[in-house]
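Subject: Structure handover and notes

Dear colleague,

Here is the structure that I promised to pass on, with my notes below it. Please read the notes with the structure open beside them.

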Amino acid sequence: MPELFAQPTTVLLTGATSGIGTQMLSQLIASGHKVIAVSRTASALPAEDGLTRYDCDLADPKAVEAMASALLAKYPDVRIIINNAGLQLPMRLDNPALATNMLIDEIAINVLAPTIIARAFMPQFTALSEPSAIVNISSGLAFFPKTTTALYCATKAAIHSLSQSMRYQSEGSQMRVIEAILPLVDTPMTKGRGTGKLPADTAARAIIAGIRKGHDEVYIGKAQLLRILGWLAPFIPRRILKAS
Ligand SMILES: NC(=O)c1ccc[n+]([C@@H]2O[C@H](COP(=O)([O-])OP(=O)(O)OC[C@H]3O[C@@H](n4cnc5c(N)ncnc54)[C@H](OP(=O)(O)O)[C@@H]3O)[C@@H](O)[C@H]2O)c1
């Protein structure tokens, strides 16, 4: 199968306004790809050649539906989708004051939006005779949850499962489903917590390199170690991440 990113291509990238997404955006544009950046504040990104900005609140499923069908119709050359936008909320479920809307938003942004986007683009992608990919940005927390962000970890576990089912559903086509599994990365999402974080530009470079290789699962940085420890001695990552 030809390599993804072998030639300049058009990428739909969610969450390009911050953290890992900003780094992927600049690396993709620098490599000559076109990027359609989607987030609530995409239009605030500085205009540049190759960049299309599209404001969308991914917590609103109707807005996601409208965005996906508009982009599919207007940009039939999209070949790679990177579901990168994400929300991580600290929460304890034994706190009765925890607002239901927060729970709905976290699920909508992290799981429902990538599902709606897949439903819009998969018919086109699976019919193509050239390679295409849907890339879901996941986390080591999908496999070893921590105490403080219960629902976030559950959404990443859902993304892991969803990616696998999407892979089954696209068997026999040229479409790839790639899950990028990240360790702790230094971004606004993780501001003020954790140490030894992977720089966001390094994470972005590793995701793009992983997409190019076309592997189903791309373990990045310390997530590779987590995977090995998960095989050999799962109690170790379980204990470390529980308290992370
Ligand atoms: N940082 C880490 O340690 C880490 C580890 C593992 C996995 N990840 C995953 O990596 C991805 C990127 O994380 P990050 O750390 O770079 O996050 P970040 O700096 O907090 O950026 C989050 C991005 O998501 C967008 N977003 C948030 N809510 C949105 C909404 N309602 N509608 C549309 N877009 C929305 C934001 O754009 P707007 O504000 O413009 O809407 C922003 O561009 C996420 O999926 C995250 O779960 C991160």
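Which residues of α4 are buried? They are Leu151, Tyr152, Cys153, Thr155, Lys156, Ile159, Ser163, Met166 and Arg167, where buried means under 20% relative accessible area, exposed means over 50%, and partly exposed lies in between, with a 1.4 Å probe and protein chains only.

Before going further, two remarks on conventions. This is a predicted model, in which local features need pLDDT of at least 70 and side-chain atom pairs count only at pLDDT 80 or more, whereas totals for chains, interfaces and linings use all residues. Residues are numbered from 1 along each chain as its sequence is written, and side-chain values use heavy atoms, with hydrogens and water left out.

Helices (H or I, at least four residues) and strands (E, at least two) are DSSP runs, numbered from the N terminus.

The buried residues in α1 are Gly19, Ile20, Gly21, Met24, Leu25, Gln27, Leu28 and Ile29, and just after α1 Gly32 takes a positive phi of about 90°.

**Nonpolar cores**

In soluble globular proteins, nonpolar side chains tend to be buried together. I use nonpolar core for a set of buried Ala, Val, Leu, Ile, Met, Phe, Trp, Tyr and Cys residues joined through side-chain atoms within 4.5 Å. The largest such core has 32 residues, of which Ile20, Ile80, Ile82, Ile207 and Ile211 touch the most other members. Two or more residues of this core come from each of β1 (10-14), α1 (19-30), β2 (34-39), β4 (78-83), β5, β6 and α5 (200-213), and the largest share, 6 residues, is that of α5. A second, separate core of 25 residues includes Leu12, Val64, Met166 and Val177.

If residues up to four places away in sequence are not counted, Ile80 touches Leu4, Phe5, Thr9, Thr10, Val11, Leu12, Phe125, Ala133, Val135 and Ile211. Phe5, in the segment before β1, has a positive phi of about 70° although it is not a glycine, and Phe5 is buried, with a relative accessible area of 8%.

Asn83, in strand β4, counts as buried because its relative accessibility is 5%. The side chains of Asn83 and Asn136 are joined by a polar contact of 2.9 Å, that is, a pair of N or O atoms within 3.5 Å, of which, within protein, one must be able to donate a hydrogen and the other to accept it, while residues adjacent in sequence count only if both atoms are side-chain atoms. Leaving aside neighbours within four places in sequence, Asn83 is in contact with Thr14, Pro114, Ile117, Ile134, Val135, Asn136 and Ile137.

Arg40, by contrast, is exposed, with a relative accessible area of 65%, and lies in the loop between β2 and β3 (51-55). Not counting residues up to four places away in sequence, Arg40 touches Asp55, Cys56 and Asp57.

**The ligand**

How many residues surround the ligand? There are 30, the closest being Ser18, Thr41, Tyr152, Val185 and Thr187, where a residue is near a molecule or strand if one of its heavy atoms lies within 4 Å of it. At least two residues of this shell come from each of α1, β5 and α4, and the largest share, 3 residues, comes from β5.

An oxygen atom of the ligand lies 2.8 Å from a polar side-chain atom of Ser39, and a polar side-chain atom of Thr41 lies 2.4 Å from an oxygen atom of the ligand. An N or O atom in the side chain of Asp57 is 2.8 Å from a nitrogen atom of the ligand. Of the 890 Å² of accessible area that the ligand has on its own, the protein covers 93%; accessible areas come from the Shrake-Rupley method with a 1.4 Å probe, and for residues only the protein chains shown count as cover.

With best regards

Notes:
Contact means heavy atoms within 4.5 Å.
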